[in-house]
Amino acid sequence: MKEAIYIEWESCSKCHLMKPHVKKWADENWYEFQNFLFSDVSVEEFQIDAVPMLVLKEDWEVTMILDEEEIVHLVSNK
């Protein structure tokens, strides 16, 4: 199972602008897209200190944690 966990802040405009692009990338690459708020207790395990962040998991293991710049690079390059 492949998961793309997008972590955002509720009042972050760049988070909201990036989310549809991340969702589209996840759908095209067969990742199950999940969206969480930075304040959600379930994201504490990833030790996130900034938003937006994207956590990619395969078979329940974290394979990558991407910051804003890395997310832009990921969704803009195939």
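Guide: Buried means under 20% relative accessible area, exposed means over 50%, and partly exposed lies in between, with a 1.4 Å probe and protein chains only. Welcome! This is a predicted model, in which local features need pLDDT of at least 70 and side-chain atom pairs count only at pLDDT 80 or more, while totals for chains, interfaces and linings use all residues. Residues are numbered from 1 along each chain as its sequence is written, and side-chain values use heavy atoms, leaving out hydrogens and water.

Visitor: Is C12 buried or exposed?
Guide: The relative accessible area of C12 is 11%. That is under the 20% limit. C12 therefore counts as buried.

Visitor: How many disulfides does a search of the whole structure find?
Guide: A disulfide here is a pair of cysteine sulfur atoms within 2.5 Å. When the whole structure is searched, the number of disulfides found is zero.

Visitor: Which backbone oxygen does the side chain of Y6 reach?
Guide: Y6 sits in strand β1, residues 2-8; strands (E, at least two residues) and helices (H or I, at least four) are DSSP runs numbered from the N terminus. Y6 is buried, its relative accessible area being 0%. A polar contact is a pair of N or O atoms within 3.5 Å; within protein one must be able to donate a hydrogen and the other to accept it, and residues adjacent in sequence count only if both atoms are side-chain atoms. At 2.7 Å, the side chain of Y6 reaches the backbone oxygen of C15.

Visitor: Which residue in β3 is the bridge partner of Y6?
Guide: Two strands pair if DSSP finds at least two bridges between them. The β3 partner of Y6 is L54.

Visitor: Why is β3 largely enclosed by the rest of the structure?
Guide: Strand β3 covers residues 53-58. β3 is largely enclosed because, of its six residues, the number buried is five.

Visitor: Where does α1 bend by about 30°?
Guide: Helix α1 runs over residues 13-28 and reaches 24 Å from first C-alpha to last, close to the expected 22 Å, a span defined as 1.5 Å times one less than the number of residues. A bend is the angle between axes fitted to the seven residues ending at a residue and the seven starting there. A proline, P20, follows within four residues of the bend, which is at K19.

Visitor: Which side chain does the side chain of Q34 meet in a polar contact?
Guide: Q34 lies in strand β2 and counts as buried because its relative accessibility is 18%. Contact means heavy atoms within 4.5 Å, and beyond its neighbours within four places in sequence, Q34 is in contact with residues including A4, I5 and Y6. At 2.4 Å, the polar contact is with the side chain of E3.
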